[in-house]
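Hi everyone, thanks for coming.

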Amino acid sequence: MTTYIIRRLIMTIPLLIGISIITFAMMQFAPGNPAVLDVDPDIPPEAREAQIEALGLNDPLPVQYARWMGGVVTGDLGNSYISKRPVVDMISERLPNTLILMFASSVLAVVIAIPIGIVSAVRQYTKTDYAITLVSFAGVAVPNFWIGLMLIMFLSVQFGWFPVGGVQTLNADFNLWDRLHHLFLPALVLATADTAALTRYTRTSMLEVKNQDYIRTARAKGFKEGKVIFKHALRNALLPLITIFGLMLPTFIGGSVVVENVFSWPGIGELFLTSVNQRDYPVIMAMTMFTAFLVVIGNLIADILYAIVDPRIEY
Amino acid sequence: MDQFNQAGKQESITPNNPETLGKHRSMLAIIVTKFFQNKLAVFGLIMLGIIVGAAVFAPLIAPHDPNYQTLIARLHEPSAEYWLGADQLGRDLFSRLLYAGQMSLLVGFAAMASSTIIGASLGAIAGYFGGLIDSIIMRIVDVLISFPNIFLLITLVALFRPSPFWLVVVFGSLGWMGTARLMRGEILSLKRREYVLAARTLGLPKWRIIFNHIMPNAIGPLIVSATLAIGSFIIAESTLSFLGLGISPPTATWGNMLSSAQNLTIFQTAWWYPLFPGLMIFITVLSFNFVGDGLRDALDPRVVEK
């Protein structure tokens, strides 16, 4: 087991290096470096040259890459071109908001998807099952920004049930109810696709378990159907689902860009969009690296959990 | 998307239906029959027929010029004159939706074609030749697939501000990894099958083995993934356009229509404006997914006709 984890960890190192090279290369090919272009025309060319030199933009690419990677490894992601602040600070002050959103979404996804998935499996090939299947198809196909717009338009603007956006009421003191009230809609929108997918996974997993011999044994022993489903089937059906969480991470991170934009939620997704529009390269590079890193970690955790959970896997 | 569709797949393995055994029909006839027995797939196909037809024949169908601004009709509600209402510049929403469909569908199809061609070729090369080429291609896949897609898309699109053509190129070059993995897997498993070995033993030339024996069996999963890919590219394009990064006005796409509909006054007074473009995206993507899923079941020999 330990050797498996170590081997799996070592495998991620070339992956991370590849990710960093692509991120770096993309920025090199991108036009319109603000340090070079968007400067005050009153600044004399010599001063501009000096600034470019000071930023190290004249050095050979491998040198620039090595300097940047050296920074990344030691936790120094450079300073924003626009606000001149350390990128690490900018990300870390936004990160909690995104994490709260992602956490709330995964709670919603689990709370909604697992019971519905069980019902769908228990009532396989009934009208209920077909209806649930249909709705989960819809959940995957619907664009999340549009769902967000619809919820804001009908529930927030026209009915006034929810706030239009933001983390909390402006200039108000911390209030848990107010926070949750602001959190609900964005979390629901972010959870849409994964709830639909998780419902399908739960259904498949339950169906697989339902036909196992030990379930028939439990029934043969005369246990009530509820006990058979919840005590015998569910436990085993849920195990493989643990790993799905690692795989849900990319959709959560990707979705957060859109959802944070729609709901004016000040998280890293919103920071990313702003930086991209301002061509703030250090922030864009850091964000691209960081999110890819999270995905790699997510996959790693999923693989390791799967190995722990399923004793049939050999390492 | 792929994960989602995999999840529903396994339960469909049923023993051979005695009635269908012994009948000799062509593979295609069986596939077509199975496809048309799937109600959702047929529904999706009909919807797609209507949507694609409406987009193609937009100049004939549209009651108004999609870009003609009638200032007194600003945010006009749905009526006999403006079937689905009008937008904030007094342009007919129904006509704009038809023309927007042209762009959204075109980008979706073209992106699917380019990503499928790139993915299938690289996957086939990796699978067939193996060794170093295989390792290089698959490591590139591993790296590219680690970026949350939307981050790379947004970065590239925001920095390079591509025309629709280059947008398709960006989609193609970031969307091929799943197809490559799929194709490689197919080739790897097919090239070791007995019938391929038999073909080789008979002394058939390599190209005949690849084109006549391996490709026809690998094409099924490829068609399924291509169909499902169109839907996700349409979502990607509309997301980018919604964020103001994809295709910019005055060329209408469903996404940039939603972008200009994101406004508090419009939310208060003109519910039809944000509603219909999103509904079009939703129905279109749903239909592609239904068709893709139907194709998968129809092409899967383990799923037997009812």
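First, some housekeeping. This is a predicted model, so to speak, in which local features need pLDDT of at least 70 and side-chain atom pairs count only at pLDDT 80 or more, while totals for chains, interfaces and linings use all residues. Residues are numbered from 1 along each chain as its sequence is written, chains are lettered from A and ligands numbered from 1 in the order in which they are written, and side-chain values use heavy atoms, with hydrogens and water left out.

Let's look at chain A. Chain A has 12 helices and zero strands. Helices here are DSSP runs of H or I with at least four residues, strands are runs of E with at least two, and both are numbered from the N terminus. Along its principal axes, the C-alpha trace of chain A spans about 90 × 55 × 35 Å. Chain A has 315 residues, and 48% of them count as buried. Buried means under 20% relative accessible area, exposed means over 50%, and partly exposed is in between, using a 1.4 Å probe and protein chains only.

What about the surface? Chain A exposes about 15,600 Å², and carbon and sulfur atoms supply 66% of that. Such areas come from the Shrake-Rupley method with a 1.4 Å probe, and for residues only the protein chains shown count as cover. As for contacts, meaning heavy atoms within 4.5 Å, take those in chain A with a separation of 6 or more: residues 24 or more positions apart account for 71% of them.

Now chain B. This chain holds 14 helices and zero strands, and its C-alpha trace spans about 75 × 50 × 30 Å along the principal axes. Of its 306 residues, 51% count as buried. The accessible surface of chain B comes to about 14,300 Å², with 67% belonging to carbon and sulfur atoms.

Next, charges. Lys and Arg count as positive, Asp and Glu as negative, and His and the chain ends are not counted. The place of a charge is taken as NZ of Lys, CZ of Arg, CG of Asp or CD of Glu. In chain A, the mean positions of the 22 positive and 23 negative charges are 21 Å apart. In chain B, with 21 positive and 17 negative charges, the mean positions are 11 Å apart.

How many salt bridges does the structure hold over all chains? There are 10. A salt bridge is a side-chain nitrogen of Lys or Arg within 4 Å of a carboxyl oxygen of Asp or Glu.

A:Arg85 and A:Glu93 meet through their side chains at 3.0 Å, N to O. A:Arg85 is partly exposed at 33% relative accessible area, and A:Glu93 is partly exposed at 46%.

The side chains of A:Glu270 and A:Arg94 form another salt bridge, at 3.3 Å from N to O. This pair links distant parts of the chain: A:Glu270 sits in helix H11 (residues 268–278) and A:Arg94 in helix H4 (residues 87–122), 176 residues apart.

Over in chain B, B:Asp142 bridges to B:Arg139, with the closest N and O atoms 3.0 Å apart. Both lie in helix H6 (residues 131–146) of chain B, and because they are three residues apart there, about one helical turn separates them. Salt bridges with shared partners join B:Arg139, B:Asp142 and B:Arg181 into one network.

A:Lys221, A:Lys227, A:Lys231 and A:Arg235 form a positive surface patch. Patches are made of residues with over 30% relative accessible area and no salt bridge, joining like charges within 9 Å and nonpolar side chains (Val, Leu, Ile, Met, Phe, Trp, Tyr) within 5 Å. One of the four, A:Lys227, is found in helix H9 (residues 225–242) of chain A, and A:Lys227 counts as partly exposed because its relative accessibility is 38%.

Last, some backbone angles. Most residues other than glycine have a negative phi. Phi of A:Lys84, however, is near 65°. A:Lys84 is in the loop between helix H3 (61–73) and H4 of chain A, and counts as exposed at 57% relative accessibility. A:Arg279 also has a positive phi, of about 55°, and lies in the loop between H11 and H12 of chain A.

That's my tour, and I'm happy to go back to any part.
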